[in-house]
Each structure stands twice: as structure tokens, then as C-alpha cells.
Amino acid sequence: MTDTGLESGPSAASTTVADFTVQNNAFYKTAFKKIQDTNGFAWSWNTMAAVFGPLWGAARGIWGFFWMFLVLELFALVQIGRGLWGELGAEQLAKLERALNNIEKREAQAAELLANGDATGAEAKLKIAENLKKVAARAQEQADLASAEATTILLTGIVILVVIKLLEGFYANVAYEAQYLKWRTKPESQQSGIKTASLMFGSAMALAIVPLTLLRFTVTNPDQVLARLTSGLIGETIPITEFPVKKEYFSALSKRGDAGFDWAAENFSDTFDGITAGIRWCLDGLEILLLQTPWPVVMLVIVVMAYRLAGPRVAIFTAASLAYLAFMGLWELSMITVALIGAGALLCITIGVPFGIWFGKSKRAYAIAEPVLDFMQTMPAFVYLIPIIAFFGTGKPPGVLATLIFAMPPVIRLTALGMRGVPEATKEAAIAFGCSRRQLLFNVELPLALPSIMTGINQTILMSLSMVVIASLIGADGLGALILESLQYAAKGQGLLGGLAILLCAMVIDRIAQGSYRKNAGGS
């Protein structure tokens, strides 16, 4: 028989139900025993949990129970509130009032025109009034139907609340017994007994969430009601147009942001121009190599490189891909795209791998850098274009910089992961045989981390590919501009062929970049 902690005795003095529950331990000892002795769901009832619901869970520290049933009870209370005081037909009544006002206005205009002898104009106004009366009749009917639904909604909310209370009563002991088992394993990780601090926190959360949610879903103009309530509490009138806070802070901060960008662009223009010039030099070199060299020569060199690095299968795929680009008339655009992807990926790898090695060796450095990497990966790619344009203008170099920011985190993360995955025993053995720090890095750690590093390079190339179309928005030429044009003019065929060309370019770059590693790994 397994030890459940329900027995008494000196050996179980610190893990008994009484130590865990503190209050009402006899009831919980019986309930826990019933649950543990039952196969399947144990029908165990807890009246306090059924009455107090989420607050019982908060007092006992069962926060999963608290949040789940707080949301469920809130849903039921919203239905009850809508049935009791919700202005269900308010929108239709407002529409009715507007229609009646217009009817009165048109009839007055008709009487005035008729008094002036304009029978035709008076008849037109009366016709409009008749149409408005039909609209008013429909609005009145819909308002009556909405008001009639109040009772149904109220009864539905009451039924849902009763069902939720039953679920709370029957589920409470099961949830508490599961927490008790966790407490027996790690007593410091779980709350024991009722804690006033937990109850106060749960009550504060309920008071912060329930009234505002009820107000939002049961009142037609919650901002006005909230403004009046707040004015009554603080004794000062709050203009309804300013409650809640509108965009005054947003506007002020956005203006400060504009001023900051302008200041940085003006004071660091030489630095930004230098970065742009360096990237342009790299791009120009790649474009001269790929565009001004006769295309058969470029194709032959790339196919031979693919064969030497990755074998005949990749060489055949490369030849077929390049032939597609040539016969579709996309060679020049494709080479510009390859230069963009190549420059971006090359910079990502050149900068990212050393940072990944550093972060893999230093936990403190990685802890500092991780939020920055998260920011770089999660920020929408379009947002990068704003500071890029502000500091570097438009064109191909800013497109490469946007690619650099977006595509560098994977190679940094996976390089750091590979470095941390090198077994400590292997490093200790190498040091014991007299390896220097440089020999340890290049002859032991990097070869063992290479699979992870190559995966990071693969992800960086693919993410550089995804930035090609986005970078075309700021003037980066190539296949991305072709796709952008297809989107603007709904040229479906052109867009599909251009997208396939981008895919083939990326696959060729990836296969050649990874070919040597895969070939050596397969050979070993």
C-alpha cells in the first residue's frame, strides 16, 4: 500500500493532512481518503467552497481554482446583470427617439410649406415622415423584443451560477487533494492552511475585476457611469470626455519620440552614413560578382560549388533552380535578391556567431542579452522600418540593416545553445591533456556545437528570405519589389512565379551553405 500521508505517527509528523490543512483537518482527512481510495472521480462535497467560490480557493492558496471559477462566475453574473439592469433595448430606443424627432420636424416643415402654398414640397416632406414612422415602428418592435429577453437572460444567468456553484462544491476537495500531494513532495512550494494575505489578495483581485467587467457588459455608456462614480468618490467632477484617459499622453510621447529621432539623425549622421557606406560596399561587390559577370559563367561556378560542397544531388537541384530563374527572365532580379540575402545573412553570421559563443560561455551576459533578443524577434518586422528610415534613409543598405535586426537572434541563440551543450567532462579532459583556451574553443567546443550552429545559420537564412518582400517597401530592389508590385495590382500569376523564385534562391543558398557540413557528417 502506498504512503498517502493520511496515517498518523511520528514518522509522518510533518506530512499529515492536519499539518497541511491546519483548519478543519478532520473533514479534509476523510475527504482526501475517499478521493485516494476511489478509482475515477470521487463525489466529495465542500460547502464552504460552494458558498464562497473563488475566495475559498484564494484563502487556501489554490490559485488555479480561484482564477477558473472567478471567470466562470463572472460570466454568470454578467448574464444576471444584463437581465436585472442591462439596458437591452437602449440602442433601439435611441433610434426610435431620433426617428420621432425627425418625424415631428418633417411634419412641421410640411405644415409651413403648405401654409406658403407649396403643396408639392409639403407632400414630399409628409412622405419622408411616413417612411420615418415605419422606421420608428420597427425600432419600437425591436426594443420591445430586447426588453422581453431580459427575463430569459436573467433566468439563464441564475441557472449557470447554480451549476457553477455545484461544480465548485464537488471539485474543491479534488483540487485541494492534488495540492496536498504536491505539498508532501515540496512543502515549501505550496501554501498550507488558510492565509489571510492570500485571502486579501484574492479579494482585491475580485474587487478589481468583477465590478468593472459588470459595468462594461451591462451598461450602455460605462464611461459616463464610471466618471460619475469616480467624481462622487473623490469629490471632484471629471469631464466624461476625459475618462478614461484618451490620447493626450500618447500624443505627447510620440512628439518626444519624433524629436529624439530627429536629434539622433542630426548628431550621429556621420556614423549612420559610415554604416550605410560599409553595407553598400558589400552589396556592390556581390552585385558586381553576380550581375556583371556573364550569367552562364555565374551559373557554372555556382553549380560546380554546389557539387564540390554538397554533392551531385544538390548540384542538379541548383542547376534546375538557376535555369528556372534564367528562362523566366528573372536572373537580374534574382541576383539582386541573392546579394541582399547573402549580405544580410553574412553580417548576421559574422556578428551573431561570436556573440553566441560569448553568451554560451557567460550566463550573466546571456541573461542580460536575452530580453534584447526577445525584443528583436517578437517586434513586428514593419516596426523596424521606422527607425531604419529615420537614420539610414531608403534603398538597399537600410533593407539589409532591417534584415540584420530581424534575422540575427536565431544564430545567436542556437550558437549559445550549442556551446552550452558541450559536455563538461569533454572540456575537462581536453584541459587535462594540455589544451589552451584557444585550442579548446576551436578544436573541441566549436566542432561539438557545430550542428546547433548550422541550424542557427539555416534559420537566419530563412528569416533573411522573409525580409526580402518587407525590405522592398523601403526601396530594396529585387524579387521583393516584384512581389510588392503583384500585391498592388493583384497580379496573381506574377506574384506566384516571383515567390517561387525567392524560394529557390533561398534553398540554393541554404543547401550550399550547409553542404560541406552535411557531406562531412554523412561521411563520418
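This is a predicted model: local features need pLDDT of at least 70, side-chain atom pairs count only at pLDDT 80 or more; totals for chains, interfaces and linings use all residues.
Local features need pLDDT of at least 70 and side-chain atom pairs count only at pLDDT 80 or more, while totals for chains, interfaces and linings use all residues. Residues are numbered from 1 along each chain as its sequence is written, and side-chain values use heavy atoms, with hydrogens and water left out.

Leu340, Ile341, Gly399, Val400, Thr403, Ser464, Met467, Val468, Ala471 and Ala476 line the largest cavity, each with an atom within 4 Å of a point. Two or more of these come from each of α14 (331-361), α17 (396-420) and α19 (437-471), helices being DSSP runs of H or I, at least four residues, numbered from the N terminus. The top contributor is α19, with 4 residues.

As for the open kind, the largest pocket (an open set with protein on both sides within 12 Å along at least five of seven lines) holds about 740 Å³. It has 29 lining residues, and Leu286, Leu290, Met305, Val338 and Ile509 sit closest to its centre. Elements giving two or more residues to this lining are α11 (269-292), α12 (295-310), α13 (312-327), α14, α19 and α21 (492-523). Here α14 has the largest share, 8 residues.

Key. On a 1 Å grid over the protein atoms alone, a cavity is a set of points where a 1.4 Å probe fits but cannot get out, and a pocket is an open set with protein on both sides within 12 Å along at least five of seven lines; lining residues have an atom within 4 Å of a point. Grid points are joined across faces, edges and corners, and a volume is the space filled by probe spheres set on the points.
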